[in-house]
Every structure is written in C-alpha cells, then in structure tokens.
Amino acid sequence: MAGVFSESYSWFRRPVRTGKADPGCRKTQRKPAPPDQPAIAAATVVADTADRTISALADFRTHPEDCAMNDDEKAIRQVVDTWMTASKSGDLATVLSLMTDDVIFTVPGQEPFGKAAFAKASQGMAGARIDGTSEILELQLLGDWAFIRNRIEMSATSPGGSVHRSGYTLTLLRKEKDGQWRLARDANLVTTKKEETLDRQ
C-alpha cells in the first residue's frame, strides 16, 4: 500500500504543461506486442486435430470395418464366425472349445444349463443340416469381459422336418488365461417355428 500512495504523490507534483514542449518529455513509439506464442501453438494443435478427425471420418466411411476395431474386438468377431461355421459343418468339438467350462445358457421355458447339457442336445441333432446367419448389432468391451447383442437366423433340416429359429441373443464372453475369448453366458431369445407345407386347394 505504501508504494501506491508514493506514486500518487509524485504524480501530483509533476509540472503543469504550458503549451511549450517540455525538453525532458519525448514522444515514444509503442513497440508492437510480441506474438502470443501459446495461443499460436494451441491454434495449430486444434487445426491439426480437426484435420485428423476429418481424415478419420472419411476413412471410416470408406472402410468402416477397419476403423476403431482393436485386437480384442477382432478376436470376438472371429469367435462368432468360427461358431457359425462349426455349427453348419456339425463340428461339435470346435463349438465346445469356444465356450468356458462354467458356461451357462438361458433359454425360454427351461432351467439354465451348462456345457454338458449343450453337448448332449447337440449330439441329438446329429445328421441335421444347419444353416444360418449371425449379425452383431452391438459389441462392448469391459476389461476381460465383453458382451455382444446378436440377431440370429438359423434353420435345421432333418428327415423329420425343418425348424427355423430367429431372434436376438445377449452373450457375455470372457478372456481367459490363455488369451482366448470364450462364450461364458448366453441368453437366447430366439423363437422357434416349425415349417409346415400347407396344401392349397
């Protein structure tokens, strides 16, 4: 505070201007302020980020399957593809290898069941011709766990007739100690409809 009062006092004691130039007073030119280096750097970063974002979006529109997909996501999608291929070819051993030992399946109208019950039910379909598709609608990674939401269309044809199944599944996968993703929990909400031949008159 003392410094403020001393500056005010010296200001009041300055000589009064009389119209004549004060020889001790010289007009000075204000130097231009130096460029704001941090602001320039920030603007450069923003422009570079915007350019990278636009390039990434353009690349995504051209090749969406290759963008924002890490190794875990690719491995999980491979599990689904392998499962479908093995199911169509009747390769039960491969299907069983894609699930954990403590897997739990949940389907409407039944108590939850595990790996052994799944294998037994599959063996009962030996000889049936299976076809279908699986579309992943959502995939989320949660550490060593992940979930996928699928839309499934499946048909099984045997000498006794044909069965068509369609609907949605919600599947939890777990990354195990060997680094492999396997199906651990599965809620199957597909509906089953027996295909019949209708006689037209």
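Leaving aside its neighbours within four places in sequence, which residues is Thr-94 in contact with? Thr-94 is in contact with Thr-82 and Ala-86. The legends below start from this spot in a predicted model and then move on to other views.

View 1. Thr-94 is found in helix α4. Its contacts beyond four places in sequence are with Thr-82 and Ala-86. The C-alpha atoms of Thr-94 and Trp-83 are separated by 7.6 Å, and these two residues are eleven apart along the chain. Thr-94 counts as partly exposed, because its relative accessibility is 23%.

**View 2. The whole protein chain.** Stepping back for a moment, the protein chain has five helices and six strands. Read from the N terminus on, the elements follow the order α-α-α-α-β-α-β-β-β-β-β. The chain holds 201 residues, and buried ones make up 21% of them. If we take the contacts between residues at least 6 apart in sequence, 48% join residues at least 24 apart.

**View 3. The largest nonpolar core.** This core has 20 residues, and those touching the most other members are Ile-76, Trp-83, Met-99, Phe-105 and Phe-118. Two or more residues come from each of α3 (71-89), α4 (92-97), β1 (99-106), α5 (115-123), β2 (129-142), β3 (145-158) and β5 (181-188). Helix α3 gives the most, with five residues. Another core lies apart from this one; it has six residues, including Met-84, Ile-130, Ile-152 and Ala-156.

**View 4. Phe-118 and the residues it touches.** Which residues does Phe-118 touch, not counting residues up to four places away in sequence? They are Trp-83, Leu-92, Val-95, Leu-96, Met-99, Phe-105 and Phe-113.

**View 5. Strands β2, β3 and β4.** Here β3 pairs with two other strands. With β2 the pairing is antiparallel, over 13 bridges. Leu-142 stands opposite Trp-145 in β3. The hairpin of β2 and β3 has two residues between the strands, and Gly-143 takes a positive phi near 70° there. Strand β4 (residues 161-175) also runs antiparallel to β3, and 14 bridges join the two. Phe-147 has Leu-172 in β4 as its bridge partner. Like the previous pair, β3 and β4 form a hairpin with two residues between them.

View 6. Side chains of opposite charge can pair when their charged atoms come close. The structure holds nine salt bridges. One of them links Glu-138 and Arg-149, whose closest N and O atoms are 3.3 Å apart. Glu-138 belongs to β2 and Arg-149 to β3, so this pair ties together parts that are eleven residues apart in sequence. Glu-138 is partly exposed at 27% relative accessible area, and Arg-149 is partly exposed at 33%. Glu-153 and Arg-151 also meet in a salt bridge, at 2.8 Å from N to O. Glu-153 has a relative accessible area of 25% and is partly exposed; Arg-151 is partly exposed too, at 26%.

**View 7. A network of salt bridges.** Asp-102, Arg-174, Glu-176, Asp-178 and Arg-182 are linked in this network. Within it, the side chains of Glu-176 and Arg-182 meet at 3.0 Å, N to O. Is Arg-182 buried or exposed? Arg-182 is buried, with a relative accessible area of 17%, whereas Glu-176 counts as partly exposed at 26%.

Notes
Residues are numbered from 1 along each chain as its sequence is written. This is a predicted model: local features need pLDDT of at least 70, side-chain atom pairs count only at pLDDT 80 or more; totals for chains, interfaces and linings use all residues. Side-chain values use heavy atoms; hydrogens and water are left out. Helices (H or I, at least four residues) and strands (E, at least two) are DSSP runs, numbered from the N terminus. Buried means under 20% relative accessible area, exposed over 50%, partly exposed in between (1.4 Å probe, protein chains only). Contact means heavy atoms within 4.5 Å. A nonpolar core is a set of buried Ala, Val, Leu, Ile, Met, Phe, Trp, Tyr and Cys residues joined through side-chain atoms within 4.5 Å. Two strands pair if DSSP finds at least two bridges between them. A salt bridge is a side-chain nitrogen of Lys or Arg within 4 Å of a carboxyl oxygen of Asp or Glu.
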